[in-house]
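Subject: A structure to look through

Dear colleague,

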Amino acid sequence: MSGLTELIGGWAQPGRVGWIGLRPERRAALVAVDAVPVGLDGLAGDHGRPGKRAVTLVQGEHLSAIGSYLGRGAVSPFDLRRNIVVEGINLAALKDRPLRLGGAVLRLTVICAPCSRMEETFGSGGYSAVRGHGGWCAEVLEPGLIRLGDAVRPAD
């Protein structure tokens, strides 16, 4: 039997980048792109903050969960307003580890909590539906290019 450290360090398969969106300015509609250069300040063309909140990611599998809590199908990444949708690998299990997405390396830092805008977007209960499923903020460790379909895996 493996030790806890070994179990925590394991992962079943690489994930993939399923969607990329840029927020050109506060409250502006997101723009979906096929690829984006990532600098130390975040995604080119996005209004995000440099530092530990430079990029936002959400687990693609959580879009259906949020929709289920709202009594409907999966929510759109456009509505959730995160930069990158990752599919097929558990982001929560990768917190504080370097994470390679295509040519860039990020580190998940803090939970990306929902804001009151989720009530405006999804209606009554929208904020609570997103709680625990809103994704992660990340800092950029190594700039690079991220494209749709790129592998997502631990970089350590």
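A residue is called buried when its relative accessible area is under 20%, exposed when it is over 50%, and partly exposed in between, with a 1.4 Å probe and only protein chains counted. Please keep in mind that this is a predicted model, in which local features need pLDDT of at least 70 and side-chain atom pairs count only at pLDDT 80 or more, while totals for chains, interfaces and linings use all residues. Residues are numbered from 1 along each chain as its sequence is written, and side-chain values use heavy atoms, with hydrogens and water left out.

The salt bridges

A salt bridge here is a side-chain nitrogen of Lys or Arg within 4 Å of a carboxyl oxygen of Asp or Glu, and the whole structure holds 7 salt bridges. One of them joins Arg23 to Asp46, with 2.9 Å between the closest N and O atoms. This pair links distant parts of the chain, for Arg23 lies in the loop between β1 and β2 and Asp46 in the loop between β4 and β5, 23 residues apart. Are Arg23 and Asp46 buried or exposed? Both of these residues are buried.

In another salt bridge, the side chains of Glu87 and Arg16 meet at 2.9 Å, N to O, and this pair also links distant parts of the chain, with Glu87 in strand β6 and Arg16 in strand β1, 71 residues apart. Glu87 counts as partly exposed because its relative accessibility is 27%, and Arg16, at 37%, likewise counts as partly exposed. Glu142 forms a salt bridge with Arg100, where the closest N and O atoms are 3.6 Å apart.

The open sheet

Helices (H or I, at least four residues) and strands (E, at least two) are DSSP runs, numbered from the N terminus, and two strands pair if DSSP finds at least two bridges between them. In the order β4-β3-β10, 3 strands form an open sheet with antiparallel pairing, and the edge strands, each of which pairs on one side only, are β4 and β10. Strand β3, residues 35–39, pairs with β4 over 2 bridges and with β10 over 4 bridges, while β3 and β4 form a hairpin with 2 residues between them. Val38 stands opposite Leu43 in β4, and its bridge partner in β10 is Gly144. The covered face of β3 carries Val36 and Val38, whereas Ala35, Pro37 and Gly39 are on the uncovered one.

Helix α2 and the whole chain

In helix α2, residues 61–69, the buried residues are Leu63, Ala65, Ile66 and Gly67. With contact meaning heavy atoms within 4.5 Å, these buried residues pack against β5, α3, β6 and α5. Just after α2, Gly71 takes a positive phi of about 75°.

Taken as a whole, the protein chain has 5 helices and 11 strands. Its radius of gyration, taken over C-alpha atoms, is 15 Å, close to the 15 Å that the globule rule (2.2 Å times the number of residues to the power 0.38) gives for 156 residues, so the chain is as compact as a globular protein of that length. Of those 156 residues, 42% count as buried.
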